[in-house]
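Reader: I have the sequence and the model open. Can you walk me through what is worth looking at?
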Amino acid sequence: MPNRTALTDRMTVRDLTLEVLRRGTGQAILALHGLQPIDTDARFLDLLSRQAEIIAPSHPGFGDSPRPADFDTVYDLVHLYLDLLHSLPHERVTLLGFSFGGWLAAEMAAACCHRIDKLVLVDPFGIKLGGREARDILDVFNVHPDTVRDSEWHNPDRFAPDFNAMSDAALVRYARGRDALCLYGFQPYMYNPQLKRWLARIAVPTLVLWGASDGIVSSKYGRAYAGLIPNARFTVIDGAGHHPEIEQADAFADHVASFIG
Amino acid sequence: MESWWQCEIPYPFVPKDVLDATDSVRATLPNKWCDPKVAADLYHEVLDEFLLCDDEGMNVLAIEHHAGINSLMGANPMFVGVLARQTRKVRILSLGTLVSLRPDPVRIAEEYATADVMSRGRLEIGFVKSGGTEMASNHTNPVGNLERYWEAIDLIRKALGHREGAFSWEGKYFTHRHVNIWPRPWQDPHPRLWSATGDPYTAAEVGRRGMVHVLVLRGPDGTKRAYEAHRRARAEAGLPKVSTDNFAYAAFVYAGETEEEGRAGGEKLLWFLNTSLKSAPQLSKFLPGTIPPELAPQVYRSGPPPGAAPDMTNAEKGVVPASQNARRLMSLGVDEAMAQGILFCGTPDSVYRQIMDFYDKVGGFGHLAMIGRSGFMTHEESVKGIKLFSREVAPRLREVRPIIPA
């Protein structure tokens, strides 16, 4: 497990300064991370950056991005990234969202597609599909960490974070991310009750990728999610849990590369 | 010094193999293990003990914990209501309904005002920060808990003290556009307010607000540090010095006729630590918002990092995370618990000496919140302990008048 370290680049959107990971050249991809900021050592970054410029900010409260006291909702995040999108020099970018960041990307695309060329959602959260006593998304704050670990990864022994091996700085970063995720996503848990209705507004080519072994949120949910976005393509990646970009980096990068052309 | 008797009404009658197999005896243990007939007996026994305290002139204290074997007092205001009517003389401290877990503080103010009037002004109102298992039981975001706690207290205080018709509240966590509770409290503007906390930051805020500051099972060092943070914050804010009446300490206390009987009672009380603190990691050390992220290296690792032992106190912050405090407490025996100042037991003379020794170590306090019954202690043992303490120890403690330390 590589140690996540602070990113050196910064970008400013209005009064917010975000740490940002930038990699590669070519068409722009704005990547919104999920449960934790994207690891600088992630192999999929190297693969995708051969043909694209990846811009991956850490959400306020995650990593080394400060969070103002009154910035504490998904509403804030969506508006921040709509603003960021409009501030980029690129006319249009591909929006790529993972997990929690997939929820943000779906919200943004449902609100306004002008600057979005294509949309890629990877095991996204964001909507409620099951009945009132069915939980679509595993409560990562309320079940045993071993259960979360086994649900999150296809091959946890190889890929799950090992707290005993992580540096102090990496653990502080990790804990910061958990706090921020809980702040933003606690209630309702990881979804917006209104979003399902508005997914039909998404008017750009969309690819929904899903790890076949995802136990945080199942591929059945993913298929239904994709079905609510006009003409979205849904693809399952075998041998991967909630993070196909990490567990199957090559297959993941191939799917994204061929989709964005 | 005033004495306040309490029993958290634990439910210890779950088979040991069930307790051993579960990862948490709070929040997640199915309630099929709680027999309501047994629970009813416990409620009646302990309410009788509270009434005995009233007869003996010892104040009473009702806590609140949720959904576990450690306590059947999930609905504090209901107990306070019973005590308000059935006791006649003593003061009643609610410590307290868990305000940051409840969506409407105005309703809490209404409950407290009702109890204060019903008791003809014998209520004291305490506030307690919630623990991790209770965040789960009450479906509350653990991140932002402290901010929500203070806003709830602000709103309750205003609702209790406001006299001139409806006011509006549009805060960060609570909105209530029409606040005008009936009845108004008996005590004017409202009952005295207490707050339980061990961390120096909250202690400072408790000090600035002039609330009675309760330390629970923190031992002499942590208690002294918190009291000092309270006093220092007042001095820095230019507020007048407070007396020892502003400070309280909660510990296990049992007085017996002999040293052996007292120790045997004390040992039974430790069930609370040894058995009822067991809490799953996701509801304690991994729960977001419960520790500053800077402490994650100490808390997240299952073993020490190479070349270092985990610190029980963070030198820079002066904070022992509650989860670490709990782990430390779970393994204590009688002698250790006595040495750490969280258990006072023995003969009445010996108990008095232990309390005063602790008093001297922390710079004095005006209220002893005594956990007098826990675990498998019987009603008869509890009654005996209450009588001995209230007749042999409490009068001597009452002679310890509030002072303002130099």
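Reader: Which residues touch the most other members of the largest nonpolar core?
Author: B:Val60, B:Ala251, B:Val253 and B:Leu343, in a core of 96 residues. Keep in mind that this is a predicted model.

Reader: Which element gives the largest share of that core?
Author: Strand 9 of chain B, residues 247–255, with nine residues.

Reader: And what does B:Val253 touch, not counting residues up to four places away in sequence?
Author: B:Phe344, B:Cys345, B:Val351, B:Met370, B:Ile371, B:Gly372 and B:Phe389.

Reader: What other core lies apart from the largest one?
Author: There is one of 81 residues. Its members include A:Val122, A:Phe125, A:Phe141 and A:Ala226.

Reader: Chain A, then. How many helices and strands are there?
Author: Ten helices and eight strands.

Reader: Why does the radius of gyration of chain A agree with a compact globule?
Author: Because a compact globule of 261 residues would come out near 18 Å, and chain A has 17 Å. Along the principal axes, the C-alpha atoms of chain A fill a box of roughly 45 × 45 × 40 Å.

Reader: What percentage of chain A counts as buried?
Author: 50% of its 261 residues. Taking the contacts in chain A with a separation of 6 or more, 74% are between residues 24 or more positions apart.

Reader: At what angle do helix 2 and helix 3 of chain A pack?
Author: About 65°, with the axes 9 Å apart. Helix 2 covers residues 74–87 of chain A and helix 3 covers residues 99–111. The crossing of these two helices is right-handed.

Reader: Which residues make the contact?
Author: From helix 2 of chain A, A:Val74, A:Leu77, A:Val78, A:Tyr81 and A:Leu82. Helix 3 of chain A brings A:Leu104, A:Glu107, A:Met108 and A:Ala111. By class, that contact has eight nonpolar residues, no polar ones and one charged.

Reader: Now the contact of chain B with chain A. How many residues does it take from each?
Author: 21 from chain B and 19 from chain A. The chain B side has twelve nonpolar, six polar and three charged residues.

Reader: Cis peptides next. Which residues does a cis peptide bond join in chain A?
Author: A:Gln187 and A:Pro188, with omega about -15°. A:Pro188 sits in the loop that runs between helix 6 (168–185) and helix 7 (195–198) of chain A.

Reader: And in chain B, which residues does a cis peptide bond join?
Author: B:Asp188 and B:Pro189, where omega is about 0°. B:Pro189 belongs to the loop between strand 6 (175–179) and strand 7 of chain B.

Reader: Back to that loop in chain A. What is phi of A:Met190?
Author: Near 65°, which is positive, and the residue is not a glycine. A:Met190 is also in the loop between helix 6 and helix 7 of chain A.

Reader: Is A:Met190 buried or exposed?
Author: Buried, because A:Met190 has 26 C-beta neighbours inside 10 Å, and the cut-off for buried is 20 or more.

Reader: What is phi of B:Leu217?
Author: Near 50°, again a positive value in a residue other than glycine. B:Leu217 is in the loop between strand 8 and helix 8 of chain B. With 23 other C-beta atoms within 10 Å, B:Leu217 is buried.

Reader: Which residues of helix 7 of chain B are buried?
Author: B:Thr202, B:Ala203, B:Ala204, B:Val206 and B:Gly207; the helix covers residues 200–209.

Reader: What do they pack against?
Author: Helix 6 (145–161), strand 7 (193–196), strand 8 (212–216) and helix 8 (219–236) of chain B. After helix 7 of chain B comes B:Gly210, with a positive phi near 70°.

Reader: Last one, B:Ser276. Where is its place?
Author: In the loop between helix 10 (271–274) and helix 11 (296–299) of chain B. B:Ser276 counts as buried, with 23 C-beta neighbours inside 10 Å.

Reader: What is B:Ser276 in contact with, leaving aside neighbours within four places in sequence?
Author: B:Pro10, B:Val25, B:Gly68, B:Ile69, B:Asn70 and B:Trp271.

Key
Residues numbered from 1 in each chain as written. Chains lettered and ligands numbered in written order. Predicted model: local features only at pLDDT ≥ 70, side-chain atom pairs only at ≥ 80, totals over all residues. Axes fitted to C-alpha atoms, helices over the stretch in contact; angles between N-to-C directions. Helix = DSSP H or I, 4+ residues; strand = E, 2+ residues; numbered from the N terminus. Left-handed = near helix turned anticlockwise from the far one by under 90°. Contact = placed C-beta atoms within 7 Å. Nonpolar A, V, L, I, M, F, W, Y, C, P; charged D, E, K, R; others polar. Buried ≥ 20, exposed ≤ 12 C-beta atoms within 10 Å, placed from the backbone. Core = buried A, V, L, I, M, F, W, Y, C linked by C-beta atoms within 7 Å. Rg over C-alpha atoms; globule rule 2.2 N^0.38 Å.
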